[in-house]
Amino acid sequence: METLTRLEATIAERRKADPKSSYVAQLSHRGTPVMARKLGEEAVEACVAALSGSREELVGEAADVVFHLMVLLADKGVSFEEVMAELDRREGVSGLDEKASRST
Ligand SMILES: N=c1c2ncn([C@@H]3O[C@H](COP(=O)(O)OP(=O)(O)OP(=O)(O)O)[C@@H](O)[C@H]3O)c2ncn1[C@@H]1O[C@H](COP(=O)(O)O)[C@@H](O)[C@H]1O
């Protein structure tokens, strides 16, 4: 978790950097739709790696997904802490029970 907290701080800082020297700043400069598209692309690449790639490729693609998700969250002003709090809130509630409760 420390890694993600550090990455969140790095992303917040690099968003303000010169796009010529920072990939994060470049994404920020290009705007939310590009960030969202990148996240979608990386998610698809992770799926492909899971289905037909090596373990190493899956790890690499998963890291790309997490990184691009963090970039998009920063852009939308959503903190990593908020996402963790949502996961904490869900802890212990079966996905099946939660789904069943939606139809009542
Ligand atoms: N964790 C990452 C990280 N993971 C992946 N990537 C970049 O994400 C991109 C995704 O690769 P792709 O091949 O899919 O994208 P691409 O084809 O190169 O890019 P497009 O032309 O499609 O936009 C690559 O350029 C990777 O280098 C990352 N870039 C940066 N970070 C972290 O962010 C920090 C700040 O980076 P800068 O803003 O570049 O200084 C770094 O120190 C790292 O900690």
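## Around the ligand

Three helices, α1, α2 and α4, each put at least two residues into the shell around the ligand. This is a predicted model, so treat everything below as a description of that model. The shell itself is made up of L7, T10, R14, S22, Y23, V24, A25, D64 and F67.

## The whole chain

Zooming out, the protein chain has 6 helices and 0 strands, and reading along the sequence gives you α-α-α-α-α-α. The C-alpha trace spans about 50 × 35 × 30 Å along its principal axes. The radius of gyration of the chain is 16 Å, whereas a compact globule of 104 residues would come in near 13 Å.

Buried residues account for 12% of the 104 residues. As for how the chain meets itself, take the contacts between residues at least 6 apart in sequence: 44% of them join residues at least 24 apart.

## Helix α4

Back to α4, one of the helices that supply the ligand shell. Helix α4 covers residues 55-75, 21 residues in total, and reaches 30 Å from its first C-alpha to its last, close to the 30 Å expected at 1.5 Å a residue. Which residues of α4 are buried? They are E61, V65, H68, M70, V71 and A74. The cover over these buried residues includes α1 (2-14), α2 (23-30), α3 (32-52) and α5 (80-90).

An α-helix has 3.6 residues a turn, so residues three or four places apart point the same way. Just after α4 comes G77, with a positive phi of about 70 degrees.

## Two residues to look at

L73 sits in helix α4. Setting aside neighbours within four places in sequence, L73 is in contact with V78, F80 and V83. The C-alpha atoms of L73 and T32 are 9.9 Å apart, although 41 residues separate the two along the chain.

G53 is found in the loop between α3 and α4. G53 is partly exposed too, because the count for this glycine is 16 C-beta neighbours inside 10 Å. Beyond the neighbours within four places in sequence, G53 is in contact with V48 and L58.

Technical notes:
Residues numbered from 1 in each chain as written. Predicted model: local features only at pLDDT ≥ 70, side-chain atom pairs only at ≥ 80, totals over all residues. Helix = DSSP H or I, 4+ residues; strand = E, 2+ residues; numbered from the N terminus. Expected span 1.5 Å × (residues − 1). Buried ≥ 20, exposed ≤ 12 C-beta atoms within 10 Å, placed from the backbone. Contact = placed C-beta atoms within 7 Å. Near = placed C-beta within 6 Å. Rg over C-alpha atoms; globule rule 2.2 N^0.38 Å.
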